[in-house]
Amino acid sequence: MSEVNLPHDHGQNIEKVLERMPDTDECVVVAEVFKQISDGSRIRILWLLCHCEECVSNIAAAMNMSDPAVSHHLKLLKKSGLITSRREGKEIYYKLADSETAQLLHHIIEEMFRITCPLN
């Protein structure tokens, strides 16, 4: 990061923090991932796909949603790299991507449910 002229010196050594701060483009990438999990339906679909590989029709039935609605969510999740798909005949199967980001989100989602579950 370029030299920043701070108007106040509070003795907190903010310059060292600013040297390590991610740039704007990196923050945009992270924000895009968070956008994908800002929808409750996508969280449910992602959670399901963390635990099994499934086709659109079964995901739709499990989520009590229409096939087109599920397909829309799957398209967004796939575009963001959080899930992958494979074709077998006429069926397309979806599952959690084997990426560090997807695995981290799986862990975070599981921990959030553990923390917020009233049965714990």
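Hi everyone, let's start with helix H3: it has 12 residues and reaches 17 Å from its first C-alpha to its last, close to the 16 Å expected at 1.5 Å a residue. That expected span is 1.5 Å times one less than the number of residues. Before going on, this is a predicted model, where local features need pLDDT of at least 70, side-chain atom pairs count only at pLDDT 80 or more, and totals for chains, interfaces and linings use all residues. Residues are numbered from 1 along each chain as its sequence is written, and side-chain values use heavy atoms, with hydrogens and water left out.

Helices here are DSSP runs of H or I with at least four residues, strands are runs of E with at least two, and both are numbered from the N terminus.

Buried means under 20% relative accessible area, exposed over 50%, and partly exposed in between, using a 1.4 Å probe and protein chains only.

So what does arginine 42 have around it? Among its contacts are Lys35, His73 and Leu76, not counting residues up to four places away in sequence; contact means heavy atoms within 4.5 Å. Arginine 42 has no salt bridge, and the nearest side chain of opposite charge, aspartate 39, is 4.3 Å away. A salt bridge needs a side-chain nitrogen of Lys or Arg within 4 Å of a carboxyl oxygen of Asp or Glu. What arginine 42 does have is a polar side-chain atom 2.9 Å from the backbone oxygen of glutamine 36.

Next, helix H2, which covers residues 24-36 and reaches 19 Å, close to the 18 Å expected. Its N-terminal cap is aspartate 23, with a side-chain oxygen 3.1 Å from the backbone nitrogen of aspartate 25. Glutamate 32 also sits in H2, and it counts as partly exposed because its relative accessibility is 36%.

Now the strands. S2 (residues 83-88) and S3 (residues 91-96) run antiparallel, joined by six bridges; two strands pair if DSSP finds at least two bridges between them. Arginine 87 has isoleucine 92 of S3 as its bridge partner. Two residues lie between the strands of this hairpin, and glycine 89 takes a positive phi near 65 degrees.

S3 also pairs with S1, again antiparallel, over two bridges. There, cysteine 55 stands opposite tyrosine 93.

Last stop: glutamate 54, in strand S1. Which charged partner does it have? Glutamate 54 is buried yet has no salt bridge, and arginine 86, the nearest side chain of opposite charge, is 9.0 Å away. Its side chain does make a polar contact with that of asparagine 58, at 2.7 Å. A polar contact is a pair of N or O atoms within 3.5 Å; within protein, one must be able to donate a hydrogen and the other to accept it, and residues adjacent in sequence count only if both atoms are side-chain atoms.

Definitions and conventions: Lys and Arg count as positive and Asp and Glu as negative; His and the chain ends are not counted.
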